[in-house]
Amino acid sequence: MVERHALPSSVGTRLVTVASGRRLRAENGGKRPHFGSESGSRMCELARAQRGSRFQERPAVAMVPDPFQIFPVTGGRRYSEVQIDMNSTAFKPIHPPVRTLMGPGPSDIHPSVLAAMAAPTVGHLDPYFLQIMDEVQTMLRQVFQTDNQMTMAISGTGSAGMEACVVNLIEPGDKMIACQNGVFGGRMADVAGRAGADVTKLERPFGEVFSTEDIAKAVDQHKPKVVGIVHAETSTGALQPLEEISKVVHDAGALLLVDCVTSLAGLPVEIDKLNIDAAYSGSQKCLSCPPGLAPVTFSPKALGVMDARKTKVASWYLDISMLRNYWGGDRAYHHTAPINMNYGLHQALRLVLEEGLDARFARHRLHHEALKAGLEAMGIGYSVANAEHSLPMLNSVLIPDGVDDAGVRKQLLNEFGIEIGGGLGPMKGKTWRIGLMGDAAQKPNVLLFLAALEQCLATQGKAAGAGAGVAAANDRYLKA
Ligand SMILES: Cc1ncc(COP(=O)(O)O)c(C=O)c1O
């Protein structure tokens with residue numbers, strides 16, 4: 001089904017698809033085409049031709065406002081009093097390139113999400129916005145697979161979600177175990193230390209995961225109030241199994257805090273089934289919304305711990321006892337919510353639920369398997385110690401010997417418009433991180449990337465068998 005979003009004609013609308021943008025850019029000597037020009041109508045033509053072909057899995061066609069017109073166009077009801085002379089400043093209107101975002105996030109955004117974000121701003125206490133907030137909460141509960149009343153979107157990126165969870169659960173001197181097998185576990189330990197926790201950092205090498213025994217031993221020894229762990233470690237591509245760990249953490253009387261920044265909406269995050277007490281995510285990964293909001297959820301037990309605090313939460317901005325009055329209860333003003341970001345998240349969540357969680361997880365898995373088959377056919381292996389623990393949405397692979405990491409990433413970006421990530425921390429220069437998150441998890445992206453990578457490796461005299469990657473990926477698709 002193709003969704004169309006009608007916008008006020010004064011704003012100006014255009015029919016755009018991600019792929020047609022890319023194709024037109026290629027035809028236009030690498031430059032982004034201008035709308036309203038000949039290429040604009042060519043774009044409409046391409047968009048029509050694409051329906052039912054390239055975008056069968058996820059139609060990427062929508063009516064979106066042209067951001068370059070919203071500001072200068074003055075003929076509409078709302079903008080008519082503001083005449084802006086666009087030549088009066090040395091600064092040009094923004095003109096971002098169209099990229100294929102296959103890095104560790106942000107991921108490709110569905111045009112209808114961008115369209116939702118361009119809708120008129122209302123006040124943060126407007127009944128219309130309060131309704132949007134309610135719906136965002138309801139949809140987040142479904143995606144987190146929880147009945148937790150206290151489920152909402154923190155204003156800020158994934159790190160704000162991390163801080164919100166830690167500072168509300170921790171009081172100075174409380175014991176916390178932070179499990180570090182990558183960069184983000186380390187960040188959680190840092191945040192906990194700053195919140196005054198007595199932190200024990202439990203470490204595994206990058207690319208490995210924690211066993212139940214590791215955690216059982218640590219909780220037995222340290223008797224923590226909170227155990228924090230990363231479900232999908234974006235810096236290493238490792239998926240942490242949680243079921244058994246949740247049991248040992250709760251048997252020890254501790255709370256389980258889980259980082260789901262990269263896993264939410266790409267893998268099952270079963271908050272209630274796994275008895276997770278607090279979890280946070282980010283809008284820009286498998287939810288395919290721009291960065292800026294951090295979905296969080298707290299169990300009734302976690303709320304009880306917060307209610308029993310003896311000290312004030314160290315952060316005013318992230319204090320859940322106040323935020324919950326705005327997101328529920330009496331709707332008391334706390335801070336001015338980022339209205340249009342919430343519109344975007346609302347639409348992104350609608351798309352997730354329209355696709356269905358199971359279908360979405362299966363889509364991430366399929367494209368990961370095709371990509372993996374292609375990479376392996378090109379002689380490129382994964383960096384995760386045990387293949388069973390490879391994340392579908394973040395493929396961390398070993399850079400072949402003698403290949404210039406930065407050179408390949410630069411060529412991918414400049415010649416093919418594809419962004420991938422380099423390694424983080426000790427993986428810097430050793431791995432590439434190839435994201436297949438949310439809207440980016442599509443067959444055209446997988447095949448385009450494999451073909452482009454082959455060209456980049458050929459530039460460095462390191463190409464493996466011509467077309468081997470694409471052929472192997474196609475084989476996987478044929479079996480789907
Ligand atoms: C697993 C994980 N946790 C936390 C974060 C921090 O999120 P943000 O960069 O949105 O603040 C990230 C970001 O990549 C992440 O991948």
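## Getting started

Two strands count as paired if DSSP finds at least two bridges between them. Helices here are DSSP runs of H or I with at least four residues, strands are runs of E with at least two, and both are numbered from the N terminus. With that in hand, look at strand β12, where Pro-295 is the bridge partner of Ala-153.

Keep in mind that this is a predicted model: local features need a pLDDT of at least 70, side-chain atom pairs count only at pLDDT 80 or more, and totals for chains, interfaces and linings use all residues. Residues are numbered from 1 along each chain as its sequence is written.

## The whole chain

The protein chain has 16 helices and 16 strands. Of its 480 residues, 47% count as buried. Here, a residue is buried if 20 or more other C-beta atoms lie within 10 Å of its own, exposed if 12 or fewer do, and partly exposed in between, with C-beta atoms placed from the backbone.

What about contacts along the chain? Two residues are in contact if their C-beta atoms, placed from the backbone, lie within 7 Å. Among contacts between residues at least 6 apart in sequence, 74% join residues at least 24 apart.

## Around the ligand

Which residues are closest to the ligand? They are Thr-157, Gly-158, Ser-159, Thr-234 and Val-261, out of 14 residues that surround the ligand. A residue counts as near if its C-beta atom, placed from the backbone, lies within 6 Å of the molecule. By class, the shell has six nonpolar, seven polar and one charged residues. For that tally, Ala, Val, Leu, Ile, Met, Phe, Trp, Tyr, Cys and Pro are nonpolar, Asp, Glu, Lys and Arg are charged, and the others, Gly among them, are polar.

Helix α6 (residues 158-169) gives the most to this shell, with three residues. 11 of the 12 residues of α6 are buried, so the helix is largely enclosed by the rest of the structure. The buried ones include Gly-158, Glu-163, Cys-165 and Asn-168.

## Helix α12 and strand β4

Helix α12 (residues 339-355) has 17 residues and reaches 25 Å from its first C-alpha to its last, close to the 24 Å expected. Among its buried residues are Met-341, Tyr-343, Gln-347 and Leu-351. The buried residues of α12 pack against α4 (111-117), α5 (127-144), β4 (150-155), β12 (293-298) and α13 (357-377). Just after α12 comes Gly-356, which takes a positive phi of about 95°.

Is β4 enclosed or open? Six of its six residues are buried, so β4 is largely enclosed by the rest of the structure. Six bridges join β4 to β12, and the two run antiparallel.

## Strands β5 and β6

β5, helix α7 (residues 183-194) and β6 make a right-handed β-α-β unit. Right-handed here means that, with the strands pointing away from the viewer, the path from the first strand over the helix to the second runs clockwise. Strand β5 (residues 175-180) is joined to β6 by six bridges, and these strands run parallel.

Val-199 lies in β6 (residues 198-203), where it is the bridge partner of Met-176. Val-199 is buried, with 25 other C-beta atoms within 10 Å. Leaving aside neighbours within four places in sequence, Val-199 is in contact with Met-176, Ala-178, Ala-189, Ala-192 and Gly-193. Val-199 and Lys-175 are 24 residues apart in sequence, yet 5.9 Å apart in space, C-alpha to C-alpha.

An open sheet of three strands has the order β13-β16-β15, with antiparallel pairing. β13 (394-398) and β15 (421-422) stand at the edges with a single partner strand each, so one side of each is left without a neighbour in the sheet. Two bridges join β15 to β16 (residues 431-435), and Gly-422 stands opposite Trp-432 in β16.

Asp-404 is found in the loop between β13 and α14 (405-416). Asp-404 is partly exposed, with 15 other C-beta atoms within 10 Å. Its C-alpha atom is separated by 10.0 Å from that of Cys-456, 52 residues away along the chain. As for α14, the helix is followed by Gly-417, whose phi is positive, near 70°.

Key. Expected span 1.5 Å × (residues − 1).
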